[in-house]
Amino acid sequence: MNGPKKTVGIRIPAKSLEKLRLIAKQDSRSVSSMIRVLIYNCVEEFEKEHGTIDPP
């Protein structure tokens, strides 16, 4: 998760955001940090199953 960071805007239902906010708080994280962790975990699991992704 090193290197330059990009900004991405997402739209999610308000209820989902509130749930995510509670989950992040339990983990002592910001919502943004929690989303980064979830994305990192998703990519890691995908690569375990399908092999390493080498972006262009």
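**Helix packing and salt bridges in the predicted model**

Helix H1 (residues 14-26) and helix H2 (residues 31-50) approach each other to within 9 Å between their axes and cross at roughly 90°. H1 is therefore roughly perpendicular to H2, a label given to angles of 65 to 115 degrees. Helices here are DSSP runs (H or I, at least four residues), numbered from the N terminus, and axes are lines fitted to C-alpha atoms over the stretch in contact, with angles running from 0 to 180 degrees between N-to-C directions. This is a predicted model, in which local features need pLDDT of at least 70 and side-chain atom pairs count only at pLDDT 80 or more, while totals for chains, interfaces and linings use all residues. Residues are numbered from 1 along each chain as its sequence is written, and side-chain values use heavy atoms, with hydrogens and water left out.

At the crossing, Leu17, Leu20, Arg21, Ile23 and Ala24 of H1 meet Val31, Met34, Ile35 and Leu38 of H2 (heavy atoms within 4.5 Å). These residues comprise eight nonpolar, no polar and one charged.

The whole structure holds three salt bridges, each a side-chain nitrogen of Lys or Arg within 4 Å of a carboxyl oxygen of Asp or Glu. Glu18 pairs with Arg21 at 2.6 Å, N to O; both belong to helix H1, three residues apart, about one turn of the helix. Asp27 and Arg29 form another, at 2.8 Å. In helix H2, Glu45 and Lys48 are likewise about one helical turn apart, and their closest N and O atoms lie 3.4 Å from each other. Lys48 is exposed, at 61% relative accessibility, whereas Glu45 is partly exposed at 46% (exposed means over 50% relative accessible area, buried under 20%, partly exposed in between, with a 1.4 Å probe and protein chains only).

Note on methods
Helix = DSSP H or I, 4+ residues; strand = E, 2+ residues; numbered from the N terminus. Parallel < 35°, antiparallel > 145°, perpendicular 65-115°, else oblique. Nonpolar A, V, L, I, M, F, W, Y, C, P; charged D, E, K, R; others polar.
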